[in-house]
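User: I am new to this structure and would like to learn how to read it step by step. Could you guide me through it?

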Amino acid sequence: MKVYEKAPAKINLSLDVLRKREDGFHEVEMIMTMVDLADRLEMEELPRDTIIISSQAGYIPLDEKNLAFQAAKLIKDRYDVRKGVYIHLDKKIPVAAGLAGGSSDAAATLRGLNRLWGLGISEDELCTLGAELGSDVPFCVTGGTAIARGRGEKLERINNPPQCWVILAKPPINVSTADVYGKLRASELKQHPSTAAMLSAISSGSFPGIISNLGNVLETVTLQYYPEVLQLKQIMQRLGADGVLMSGSGPTVFGLVSKEAKVSRIYNGLRGFCKEVYVVRMLT
Ligand SMILES: C[C@](O)(CO)[C@H](O)COP(=O)(O)OP(=O)(O)OC[C@H]1O[C@@H](n2ccc(N)nc2=O)[C@H](O)[C@@H]1O
Ligand SMILES: Nc1ncnc2c1ncn2[C@@H]1O[C@H](COP(=O)(O)OP(=O)(O)OP(=O)(O)O)[C@@H](O)[C@H]1O
């Protein structure tokens, strides 16, 4: 038997850090949503008790470092499943981009194996398992649009934002999430995005309200250490995106655009600077 799952990319419409915690993680307040750029996973039961990962992408680990492998191992161990699984990852989400590609693969693996093996695990329990794999995994289990607190695992579902175009551009650099949080001086932040104002813009379906409340405190680190990300933001703004923000810890920058007529001009303009550019929609 085989099951298939889609693993969409996430973007952070706002990302605030409240403080550094004693456990080394940061207390966050983020509004996250999914876009229709997705990896596809195929999972097939194997008679032997083993986990095998393959992918068309030559640049991700296929062993126990792969988050899909870790998710499969976690669910097998916790629910004492003595069967194996072959997981093929068709990667479409750029890697180490700030789009939670690996986290979404892990979440899709948890959902898929729950179905494949008929384990009957609730969504809440899948989220709890997911939190053991990474802070973004619980959100990737549920999808939709949510406000995330704690280290990212405490989720409250909210309405989806009004539909618009999302242009993603990833400069050719790798940014480590741990490094960005490590360099952040949370107590010295001068400005914080207003999560409340973003929530109210989303709940009233106000696109201009969303645009004026986009904010990500991790930009204070990534833009300083990687000026090409700042440059990309400025180019996207100049090309006419309604609002521009870095996703997660970067380096991907996304632009929100309400009018379809503007999209190809922005896409073509960006392609002059950056090979990895995607035009997608929010997932509603
Ligand atoms: C930047 C975001 O992607 C925004 O959605 C997330 O906050 C990070 O989520 P993630 O990549 O799933 O993060 P994890 O794999 O759990 O953690 C990677 C590293 O980031 C740091 N980290 C992560 C989340 C958090 N709330 N505080 C942190 O300080 C920790 O040093 C951790 O070792
Ligand atoms: N299934 C996977 N897909 C992509 N990368 C993976 C996967 N499993 C492990 N990795 C490793 O995880 C690291 C981060 O990749 P990923 O694409 O998840 O980053 P990201 O989008 O920045 O994540 P986040 O937004 O959650 O911080 C890379 O070094 C990559 O080699």
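User: Over residues 206-274, what is the chain in terms of helix and strand, and how far apart are the end C-alpha atoms?

Analyst: Some ground rules come before that: this is a predicted model, in which local features need pLDDT of at least 70 and side-chain atom pairs count only at pLDDT 80 or more, while totals for chains, interfaces and linings use all residues. Residues are numbered from 1 along each chain as its sequence is written, and chains are lettered from A and ligands numbered from 1 in the order in which they are written. Helices (H or I, at least four residues) and strands (E, at least two) are DSSP runs, numbered from the N terminus. Over residues 206-274 the chain is 54% helix and 16% strand, with 30 Å between the end C-alpha atoms. An unreviewed UniProt entry annotates this stretch, residues 206-274, as "domain: GHMP kinase C-terminal"; UniProt positions are given in the numbering used here, feature names are shortened, and such annotations may be inferred rather than shown by experiment.

User: Which domains does the domain assignment of the chain give?

Analyst: Domain bounds come from an automatic or database domain assignment, and here that assignment gives domain 1 (2-157) and domain 2 (165-281). Taken over C-alpha atoms, the centres of domain 1 and domain 2 are 23 Å apart. The contact (C-beta atoms, placed from the backbone, within 7 Å) takes 22 residues from domain 1 and 32 residues from domain 2. On the side of domain 1 that touches domain 2, β1 and β2 are the elements that give two or more residues, and β1 gives the largest share, 9 residues.

User: How many bridges pair β1 and β2?

Analyst: Two strands pair if DSSP finds at least two bridges between them, and β1 and β2 pair in the antiparallel sense over 17 bridges. Within this pairing, proline 8 stands opposite alanine 38 in β2. Their hairpin has 5 residues between the strands, and glycine 24 takes a positive phi near 95 degrees there. Strand β2 also pairs antiparallel with strand β4 (residues 84-90) over 7 bridges, glutamate 45 having valine 85 in β4 as its bridge partner.

User: In what order do the 4 strands of the open sheet run?

Analyst: The order is β9-β10-β7-β11, and the pairing is antiparallel. Because β9 (243-246) and β11 (276-281) stand at the edges with a single partner strand each, one side of each is left without a neighbour in the sheet. From one strand to the next the twist averages 20 degrees. Helix α10 (residues 260-271) packs on the sheet, touching β7, β10 (253-257) and β11, and its direction makes about 5 degrees with that of β7; axes are lines fitted to C-alpha atoms, for helices over the stretch in contact, and angles run from 0 to 180 degrees between N-to-C directions.

User: Why does ligand 1 lie between the domains?

Analyst: A residue is near a molecule or strand if its C-beta atom, placed from the backbone, lies within 6 Å of it. Ligand 1 lies between domain 1 (2-157) and domain 2 (165-281) because both give residues to its shell. Of the 19 residues around ligand 1, those that come nearest are Gly134, Ser135, Asp136, Tyr181 and Gly248.

User: Which residues come nearest to ligand 2?

Analyst: Leu67, Ala100, Gly101, Gly102 and Asp105 come nearest, out of 21 residues around ligand 2. Elements α1 (67-78) and α2 (101-116) give two or more residues to that shell, and the largest share, 4 residues, comes from α2. The shell around ligand 2 also draws at least three residues from each of domain 1 and domain 2.

Terms used: Two residues are in contact if their C-beta atoms, placed from the backbone, lie within 7 Å.
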